[in-house]
Amino acid sequence: GPPTHSRNSTNTLPGITEAFKANTFTNKVNLGVGAYRDDAGKPYVLPSVRTAEKRLIFKELDKEYAGITGTPAFTKAAATLAYSASSPVLDNIAITQSISGTGALRIGGAFLERFYPHSKTIYVPSPSWANHAAIFKDSRLDVKQYRYYNKETIGLDIDGLLADIKNAPPRSVFLLHACAHNPTGVDPTPEQWRTISDVVKNGGHFAFFDMAYQGFASGDTDKDAYAVRYFVEQGHQIALCQSFAKNMGLYGERVGAFSLLAASAEEKKRLDSQIKILVRPLYSNPPIGGARIATEILNDPELNTQWLSEVKGMADRIIAMRDALKGGLEECGSKLKWDHITSQIGMFCYTGLRPEQVDELANKYSIYGTRDGRISVAGLTSGNVKYVAESIHNVTKN
Ligand code: PMP
């Protein structure tokens, strides 16, 4: 059997990566990775990205600065992807390129702090991606939580969520994960989104969407944009953070966008200028390389079709691994219910494992996840999923 190792006492991804690297067991499994892996466990560069890069080299473009808010060809394409080509509000969207999703959130935080007069509090789901609280605190906002995840059902606490939105002071700001909630993998259904929209509207609240996984959740970029588009249809003036880290695999290229939906062309102009006031002293203008790759992919019809099928390929592999993990646990004779493994969506799965069980997985089986029970489904492969299922069964059967 595998050797024993020091306690997996950390809950941070860098901590897990370190413990994983130090482990010498050949069948070790890292389920703490925050990036997609292929079925061989390797980082995946999308073929559409490779093609776009080759074309860009061939074009011998200059390296001049982009404008403060980035390249218009990119931001227009990003807005179209999120809001849809047929959206009647496309002309009223104030948008800036950003340093991936994190940079978009940080600009959004700065915008609220400087220009949103009604509240300096942002409500984030409990739990949420840990960096949300850090980003908004650094933006000098108060960060509060609204109920989201129900431990008992390993699902959405819809009643708690709606009650917390209803009870917030009027015109509060609510951060909503557009799809593939990180870390739980639990998303509202379309029907629940419609109710959430009503409740947000009744409170006069401001919906601030973080969409870091468009297309990556279901494999369909339109389907994953449902919540954003529904809110827009319902007349919400939303904020939206986009990232191309996951859906184009452009992690380190730092490609994203921050947008605000204005009520009129006149208001859009003012928002554009407010965004420029924020961005100019932060970093002057965004990097051009990754945005050029994304633009090439979004604006070339043939490459776009290819990209969409590659996004679907990643989403499908993740869905297949969810099925295999659940099936493996059932084959082991597990008496526990594992339906949440397949009902959750996106890269992460909240297994329901307790911290001691996560520690045992690391110490006895060399399988590393975070102590909140979250595993990255992208770390599963057809080669390791059976071993992971057996090991999870071993730590949960008593
Ligand atoms: N939001 C959420 C919910 C995320 O999970 C991530 C990535 N882990 C991001 C935003 C931002 O990532 P990036 O800055 O790499 O685009």
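Leu 240 stands opposite Ser 259 in β10. This is a predicted model, where local features need pLDDT of at least 70 and side-chain atom pairs count only at pLDDT 80 or more, while totals for chains, interfaces and linings use all residues. Residues are numbered from 1 along each chain as its sequence is written.

**The sheet**

- Strand β9 (residues 239-243) and strand β10 (residues 255-261) pair in the antiparallel sense over five bridges; two strands pair if DSSP finds at least two bridges between them.
- Strands (E, at least two residues) and helices (H or I, at least four) are DSSP runs, numbered from the N terminus.
- Follow the order β2-β10-β9-β8-β7-β3-β4 and you trace an open sheet of seven strands with mixed pairing.
- At its edges lie β2 (93-99) and β4 (142-147), each pairing on one side only.
- Neighbouring strands here are turned by 25 degrees against each other on average, direction ignored (the axes are lines fitted to C-alpha atoms).

**Around the ligand**

- Among the 13 residues around the ligand, those that come nearest are Ser 100, Gly 101, Thr 102, Ala 212 and Ser 243 (a residue is near if its C-beta atom, placed from the backbone, lies within 6 Å).
- Helix α4 (residues 100-115) gives the most to this shell, with three residues.

**The annotated domain**

- UniProt, in an unreviewed entry, places "domain: Aminotransferase class I/classII large" at residues 27-392; such annotations may be inferred rather than shown by experiment.
- Over residues 27-392 the chain is 46% helix and 15% strand, and the end C-alpha atoms are 15 Å apart.

Terms used. Axes fitted to C-alpha atoms, helices over the stretch in contact; angles between N-to-C directions.
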